[in-house]
Amino acid sequence: MRPLVRIDHREMHTPLARYFQTSSIEFDVVTLEAGDIEIGDRVLIERKRYSDLCRSIRDGRLFKQAHRIRACSPCPILLIEGEEGHLEMMHRNALNGALAMIAIESGVPALHTRDAKETLAVIELIANRERRISMRSALSLTARLKRMEEEACNMTLSTYSEFQRPGSG
């Protein structure tokens, strides 16, 4: 079974990667088509530090990235890491307007973390939740398959009993 968390190889030079390597979270380093961190089959995270977030808003990359992760995942997340003091000459209203547009028009909610350590904790929470959802789905599927097998078996038995001659056993 593959690890639940997959990290884009371009993230491996960040402080978050160092925290991952010392954590108990199993992860694979891969090349992701979109986003920076994939959790299970549903969650795709685009991770931004405030300085990169401001540059991405200015040059329009953020909106393209938000649309791309939305297209690739039923549960996309924009994760903003760091302190707001690094807004790099961007007015707070411009930042809020961009994040509101991404949340409303692209359907990509934003989460904020203080640092890479807190980001790892959030990823671990999401991974644990996804693992529980996956286990519940697997158990539900197993129960449904068992019911279907029993129904098929009962149908087969009733079909055979229709062809038996009276008194033949």
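## A tour of the charged pairs

E81 is buried, and R47 is buried too. Select these two residues to begin. Keep in mind that the model is predicted.

**Stop 1: E81 and R47.** Display both side chains. They meet in a salt bridge, at 3.0 Å from N to O. E81 sits in strand 5 (residues 75–81) and R47 in strand 4, so the pair ties together parts that are 34 residues apart in sequence.

**Stop 2: E11.** Is E11 buried or exposed? E11 is buried, because its relative accessible area is 10%, under the 20% limit. R47 has 7% relative accessibility, so it also counts as buried.

**Stop 3: D59 and R61.** Move to this pair. Their side chains meet in a salt bridge, 2.9 Å from N to O. Check the surface again. D59 counts as partly exposed because its relative accessibility is 45%. R61 is partly exposed too, at 32%.

Stop 4: Across the whole structure, a search finds 11 salt bridges. Side chains of opposite charge can pair when their charged atoms come close.

**Stop 5: D8.** Go to strand 1, where D8 is found. D8 counts as buried because its relative accessibility is 1%. Which backbone nitrogen lies 2.7 Å from a polar atom of the D8 side chain? The backbone nitrogen is that of L32. Now show the neighbours. Leaving aside residues up to four places away in sequence, D8 touches V30, T31, L32, G35 and D36.

**Stop 6: C72 and C75.** Finish with these cysteines. C72 has 38% relative accessibility, so it counts as partly exposed. C75 is partly exposed as well, at 22%; buried would require under 20%. How many disulfides does the structure hold? The count comes to 0 disulfides, where the rule asks for a pair of cysteine sulfur atoms within 2.5 Å.

Key
Residues numbered from 1 in each chain as written. Predicted model: local features only at pLDDT ≥ 70, side-chain atom pairs only at ≥ 80, totals over all residues. Heavy atoms only, no water. Buried < 20%, exposed > 50% of the residue type's maximum accessible area, 1.4 Å probe, protein only. Salt bridge = Lys/Arg side-chain N within 4 Å of Asp/Glu carboxyl O. Helix = DSSP H or I, 4+ residues; strand = E, 2+ residues; numbered from the N terminus. Polar contact = N/O pair within 3.5 Å; in protein donor to acceptor, adjacent residues only side chain to side chain. Contact = heavy atoms within 4.5 Å.
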